[in-house]
Amino acid sequence: MSDEKFDIPDQFASPAIPAVLTEDSVIQFKCYKGISCFNACCKRADVTLAPYDVLRLQKRLGMNSEAFLKAHTVPFQLDADGVPGIKLRTDDEGACLFLDGENGCSVYSDRPTVCRYYPVALLNLREKDTYVAKQQYSLIREGHCKGHEEARELTVGEYRAEQGVGEFDEHNKAWYELILKKKSGGPGVGKPNEMSLQLFFMASFNFDMLRRFVLSDNFKATYNLPDETYALVAGDDIALMQLGNRLMRQALFGEKTIPEQSGAWEKRVDERREIWEARAKAETEARNAKTEKDMRQETTGCSDN
Ligand code: SF4
Ligand code: SF4
């Protein structure tokens, strides 16, 4: 096993190397309404969101992607290359906006992966020589969380089933693997350009914009996908998310995950030739003007300013 890993939730990463747990590891924990620390974790929330979390929450709230992202998330960077991630927005004291006073979480049945797992942390570890994520776990012990003092033992597998994380992990797995590959710096992985980063954000979190993009005439003129795929992504959020993952692999790693229409590249070059030529001309003129000015200064010993 490689030591390269991508953690969800990364906010629970401890400076100490955590003991790695498996499905069969036994933990002692119980959380319930009425426990002395009830809601303490949500009052200092630092919740990283994965794509399926966004889908569930925006559907629960009946919001479109743009409105949800604006009202309920804040951006952060997933890595040093500026790959964009998002976290749940909190109030000024750090409390989650979905916390409903003493009633607890107002979106409980659609709460994000991080909230479901806590106090277990999901570690996506990379198998040697592959970019397949192997799920393992660790246990977070924070002083305010009294659930660890409760006399209930269960395995990590039983805890995962109780919290309903299986569906979330299944739908987010391809996205975790993508980030794992980006962080592990595999072949063809460099610093993404601005356009790739924008595409990553759209395909990860802004599903309404992604749907408009893949159903646009421009997209269809560029990519060669069957009509059934377009019909599917028009109405199926999971199919849309999966197509988004394929697009991101293409943008970040140059993988040919979506076949292009023949001649699409040449057509794009033709369409943009005028813009490229104008830009090159402007750059050459600016460079010539600067050289001329520098020469003049050197010869006369004085500047124009
Ligand atoms: S989404 Fe719910 S469970 Fe998660 S931090 Fe907010 S209030 Fe707590
Ligand atoms: S036991 Fe832990 S997880 Fe449960 S409410 Fe208390 S702090 Fe939150």
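Mentor: Start with strand E3 (residues 73-77) and strand E4 (residues 84-88): the two run antiparallel, joined by five bridges. Two strands pair when DSSP finds at least two bridges between them. Strands (E, at least two residues) and helices (H or I, at least four) are DSSP runs, numbered from the N terminus. This is a predicted model, in which local features need pLDDT of at least 70 and side-chain atom pairs count only at pLDDT 80 or more, while totals for chains, interfaces and linings use all residues. Residues are numbered from 1 along each chain as its sequence is written, and chains are lettered from A and ligands numbered from 1 in the order in which they are written.

Val74 has Lys87 of E4 as its bridge partner. Pro75 faces Ile86 in E4. Six residues lie between the strands of this hairpin, and Gly82 takes a positive phi near 80 degrees there. Now the cover. Buried here means 20 or more other C-beta atoms within 10 Å of a residue's own; exposed means 12 or fewer, and partly exposed lies in between, with C-beta atoms placed from the backbone.

Gly62 follows H1, with a positive phi near 65 degrees.

H10 leads on from there. Its 17 residues (237-253) should span 24 Å at 1.5 Å a residue, and the end C-alpha atoms are 24 Å apart, which agrees. The expected span is 1.5 Å times one less than the number of residues. Buried in H10 are Leu240, Met241, Leu243, Gly244, Leu247, Met248 and Leu252. Viewed down the axis of H10, these buried residues fall within an arc of 165 degrees, so they line one face of the helix. The arc is that of the directions from the helix axis to the C-beta atoms. An α-helix has 3.6 residues a turn, so residues three or four places apart point the same way. The buried residues of H10 pack against helix H1 (51-61), helix H5 (166-184), helix H6 (194-205), helix H7 (207-214) and helix H9 (227-235). Just past H10, Gly254 has a positive phi of about 70 degrees.

Met209 lies in helix H7. Met209 is partly exposed, with 16 other C-beta atoms within 10 Å. Setting aside neighbours within four places in sequence, Met209 contacts Ser65 and Met202. Contact means that the C-beta atoms, placed from the backbone, lie within 7 Å. Met209 and Ser65 are 144 residues apart along the chain, yet their C-alpha atoms are separated by 7.8 Å. Gly166 belongs to helix H5. Gly166 counts as exposed, with 11 C-beta neighbours inside 10 Å. Its C-alpha atom is separated by 9.6 Å from that of Thr113, 53 residues away along the chain.

Now the ligands. Ligand 2 is surrounded by Cys31, Ile35, Cys37, Phe38, Asn39, Ala40, Cys41, Tyr118, His144, Cys145, Lys146 and Gly147. A residue is near a molecule if its C-beta atom, placed from the backbone, lies within 6 Å of it. This shell around ligand 2 divides into eight nonpolar, three polar and one charged. Ala, Val, Leu, Ile, Met, Phe, Trp, Tyr, Cys and Pro count as nonpolar, Asp, Glu, Lys and Arg as charged, and the others, Gly among them, as polar. Asn39 of this shell sits in the loop between strand E2 (26-28) and H1. Asn39 has a phi near 80 degrees, positive in a residue other than glycine. With 17 other C-beta atoms within 10 Å, Asn39 is partly exposed. From Tyr118, the peptide bond to Pro119 is cis, with omega near 15 degrees. Pro119 sits in the loop between H3 and strand E5 (120-126).

Ligand 1 has Cys42, Ala45, Val47, Cys96, Phe98, Leu99, Cys105, Val107, Arg111, Pro112 and Cys115 around it. That shell of ligand 1 holds ten nonpolar residues, no polar and one charged.

Of its 305 residues, 26% count as buried. Of the contacts with a separation of 6 or more, 74% join residues 24 or more positions apart.

Technical notes
Contact = placed C-beta atoms within 7 Å.
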